[in-house]
Amino acid sequence: MSNTGVQARRSAVYLLDQILGEDPRLMSELLASGVLDKLSPDDRARAQRLATETLRGLERADRLLQKHLKKPPVLTIQNVLRVGTVELCQGGAAHGVVNAMVNLVGQHNKLSHLKGLTNAVLRKIAAEGPAAWDALRAPRLPKWLRGPLAEAWGTDAMAAMEIAHFAGAPLDLTAKTDPAAVAEATGGTLLPTGSIRITNPGQVSTMAGFASGDWWVQDAAAAIPVQILKPQAGETILDLCAAPGGKTMQIAASGADVTAVDDSSPRMQRVSENLARVGLKAKTLTKDVRAVKGTFDAILLDAPCSATGTIRRHADLPYAKDGSEFGDLIELQSAFIDHAWSLLKPGGRMVFCTCSLLPDEGEVQVDEALERHDDMSVDRDALMVAGIQPEWITTEGGLRLRPDYWSELGGMDGFYVVCLRKAALA
Ligand SMILES: C[S@@+](CC[C@H](N)C(=O)[O-])C[C@H]1O[C@@H](n2cnc3c(N)ncnc32)[C@H](O)[C@@H]1O
């Protein structure tokens, strides 16, 4: 067993201990705090992949493990067994995986006495093999999220979304100028909305066109709001909640004069780095949305939200969150809509979007905003964009995107998008 494999697996177990512990943390927060910085890039990628795969298959792993455990062991050992189970059931060589996990436990200061248990349980799992795994249902979301989503979209849609979450997500790119050329250079597939999809990506920074800034990584659903905004060269466009800048780059590529705003300095730094890599320009402001002044031809508001539309990429979210923060986010979104509206010139348009599956952060938010603003209407014509299917359009005139859509193409993130038009002066 190489040291490399042990390091990556130990780190995957550490990530799971934090995400599933008493004070749950998001994987993105853990990574941003530098917990994997001492690992080599390969080990870091492997640790993240193992932790993510384990979270995606957590319910299946626990179902297989419970048959071989009289009672659940301490969390770290549970997580060792979960990672080992996922590796074994996804075709990992039994000898290598079991030895690595036993070594890892043996090196633990306080848990080395559980080496024997780890060995015995994982050998039984290895004997059952991938067939036992494949026979289990797609893992369900935790109840706190399953309830509201089933209520909003129905149980069949809920089940389809769970299958999409379990399948994970491919890598999508947005081209700076020429989607067909990027598809050809990267070996990707051109999607109906113009994004490029790569099903088996290697390291992003070594892909054709990365160094020359021909594209950036952006889920196909996340690329749709700017297509609906339709920025024009010379227009003044305010991009609110801009970091890390996927939509800023789309607006800047159109030749519009874009001002990107975000209140996080480190995230704004990433906007500047991303713009520099692709050779595009934008004004950047590190500010709270509610402190922005001025008047703009058009506004994009990509508000902070529950991010429940991104679970296929962020399998930690259902475990690290419990919904308790969402009420505050919904209030913040309303406040942002109201302030952004005051910055829009008469006759102008504002695209509001969230990467959420909860109607309270989309459809309901718009119904309520329409009641608060007499000069606000929904611009349904703005949704005339290549690849948009009529059944994705909602009663109030927004666009509801779900992870189970395009299932034959590899899915998309969940999103809500609407274009709001301000009445022109009489
Ligand atoms: C969904 S992300 C934006 C993604 C971005 N538009 C893109 O396409 O790459 C939401 C952003 O809102 C920012 N944010 C949260 N609260 C904010 C506030 N009060 N003022 C400005 N930005 C805020 C966060 O820092 C985060 O970067």
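This is a predicted model: local features need pLDDT of at least 70, side-chain atom pairs count only at pLDDT 80 or more; totals for chains, interfaces and linings use all residues.
Residues are numbered from 1 along each chain as its sequence is written.

Q: What distance separates the end C-alpha atoms of helix α7 (residues 115–134)?
A: Helices (H or I, at least four residues) and strands (E, at least two) are DSSP runs numbered from the N terminus. The expected span of a helix is 1.5 Å times one less than its number of residues. The 20 residues of α7 should therefore span 28 Å, and this agrees with the separation of its end C-alpha atoms, which is 27 Å.

Q: At which residue does α7 bend by about 75°?
A: The bend at a residue is the angle between axes fitted to the seven residues ending there and the seven starting there. A proline, P130, follows the bend within four residues. The bend of α7 is at E128.

Q: Which helices pack against the buried residues of α7?
A: A residue is buried if 20 or more other C-beta atoms lie within 10 Å of its own, exposed if 12 or fewer, and partly exposed in between, with C-beta atoms placed from the backbone. In α7, T118, V121, L122, I125 and W133 are buried. The helices against which the buried residues of α7 pack are α4 (58–66), α5 (75–89) and α6 (94–106).

Q: What is the distance between the end C-alpha atoms of α6?
A: In α6, V97, V98, A100, M101, V102, L104 and V105 are buried. At 1.5 Å a residue, the 13 residues of α6 should span 18 Å. The end C-alpha atoms agree with this expectation, being apart by 18 Å.

Q: Are α4 and α5 roughly parallel or roughly perpendicular to each other?
A: Axes are lines fitted to C-alpha atoms, for helices over the stretch in contact, and angles run from 0 to 180 degrees between N-to-C directions. The axes of α4 and α5 come within 9 Å and cross at roughly 100°. Angles under 35 degrees count as roughly parallel, over 145 as roughly antiparallel, 65 to 115 as roughly perpendicular and the rest as oblique. The two helices, α4 and α5, are therefore roughly perpendicular.

Q: How do the residues of the contact of α4 with α5 divide into nonpolar, polar and charged?
A: Residues L58, A61, L64 and L65 of α4 and L81, R82, T85 and V86 of α5 make the contact, where two residues are in contact if their C-beta atoms, placed from the backbone, lie within 7 Å. Ala, Val, Leu, Ile, Met, Phe, Trp, Tyr, Cys and Pro count as nonpolar, Asp, Glu, Lys and Arg as charged, and the others, Gly among them, as polar. The division is six nonpolar, one polar and one charged.

Q: Which residues does E87 touch, not counting residues up to four places away in sequence?
A: E87 lies in helix α5. With 26 other C-beta atoms within 10 Å, E87 is buried. Beyond four places in sequence, E87 touches G92 and V97.

Q: Which residue is joined to P244 by a cis peptide bond?
A: Most peptide bonds are trans. P244 lies in the loop between β5 (236–240) and α12 (246–253). Omega is about 5° for the bond, and the residue joined to P244 is A243.

Q: What is the phi of C241?
A: C241 lies in the loop between β5 and α12. It is buried, with 23 other C-beta atoms within 10 Å. Most residues other than glycine have a negative phi. Although C241 is not a glycine, its phi is positive, at about 65°.

Q: Is W406 buried or exposed?
A: W406 is found in the loop between β11 (399–401) and β12 (415–422). Although not a glycine, W406 has a positive phi of about 60°. With 20 other C-beta atoms within 10 Å, W406 is buried.

Q: Which residues are in contact with A382, leaving aside its neighbours within four places in sequence?
A: A382 is found in the loop between β10 (376–378) and β11. A382 is buried, with 20 other C-beta atoms within 10 Å. Its contacts beyond four places in sequence are I228, R349 and C419.
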